[in-house]
Amino acid sequence: MVEIIAAVTGLILYKRYRHTAAKYFIYFLIYVVAFGVIGRYTFWVRDGIFSFLLGTLLEKNYWWYTICWSLGAIVFFVWYYLKILTNQRAKSTLKIALALFLIASLCIIILTLPDFFKTSIPSISVLGAVIIMLCVFYYFFEMLQSDKILKFYKSLNFYISCTILVFWLVKTPLAFFEPYFRVADMDYVNLRGYINLFAISLMYLTFTVGLIVSNPDYD
């Protein structure tokens, strides 16, 4: 629901951002809603239109979220920061880091292929978090060296950077406790649900607020 709120807000305010890199971020929010809707196919696997997937590798949607979020979101944010950063050395570093991330992720998936369909892969989550921290570090470093720091609260990129940093720092450790989720440890299942709800709600509501209060002139 909060993803839809953020995406709809972006569409309503699209005209404000259409001449900035932020328009691509709005496209990303729409993409998140789209793959989230598709990822819910698992609700119709048991006694539904997708019952033919029962007992197959595609019964669960871990593979889908690994591709669309664990990999897809990282690719997008690196590409986005390449758009908004000006330091060429930083941009070159991010390009190399992304290439290494994709190569490493592909190797990890191949070497742990059954897990690709059965659970989230902690090592990919950790590598993704490192990439996100690198993007945010370069953004803040540039901002501190410019006049933008004086009006940071009017920059959408500031809200994006703070939010994705917090989100990945909160969510990444959960990947290491996935075995507890798979064995139906209800204490962990409930805790995981609350943490996910908090992290996801905070991220998309902050995106929504950022879109509303930001001024494209300060990006």
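Let me start with the largest pocket, which holds about 1,600 Å³ of space, a volume being the space filled by probe spheres set on grid points joined across faces, edges and corners. A pocket here is an open set of points, on a 1 Å grid over the protein atoms alone, where a 1.4 Å probe fits, with protein on both sides within 12 Å along at least five of seven lines, and lining residues have an atom within 4 Å of a point.

This is a predicted model, in which local features need pLDDT of at least 70 and side-chain atom pairs count only at pLDDT 80 or more, while totals for chains, interfaces and linings use all residues. Residues are numbered from 1 along each chain as its sequence is written, and side-chain values use heavy atoms, without hydrogens and water.

The lining of this pocket has 47 residues, and Asn61, Tyr65, Lys171, Arg192 and Asn196 lie nearest the centre. Helix α10 gives the most, with 9 residues, helices being DSSP runs (H or I, at least four residues) numbered from the N terminus. The lining divides into 24 nonpolar, 13 polar and 10 charged residues, where Ala, Val, Leu, Ile, Met, Phe, Trp, Tyr, Cys and Pro count as nonpolar, Asp, Glu, Lys and Arg as charged, and the others, Gly among them, as polar.

How far can we trust the model? The protein averages a pLDDT of 89, with 95% of the residues at 70 or above, pLDDT being the predictor's confidence in each residue, from 0 to 100. Confidence is lowest in helix α9, at a mean of 59, and highest in helix α5, at 96. Where pLDDT is low, the predicted coordinates should not be read in detail.

Terms used. Helix = DSSP H or I, 4+ residues; strand = E, 2+ residues; numbered from the N terminus.
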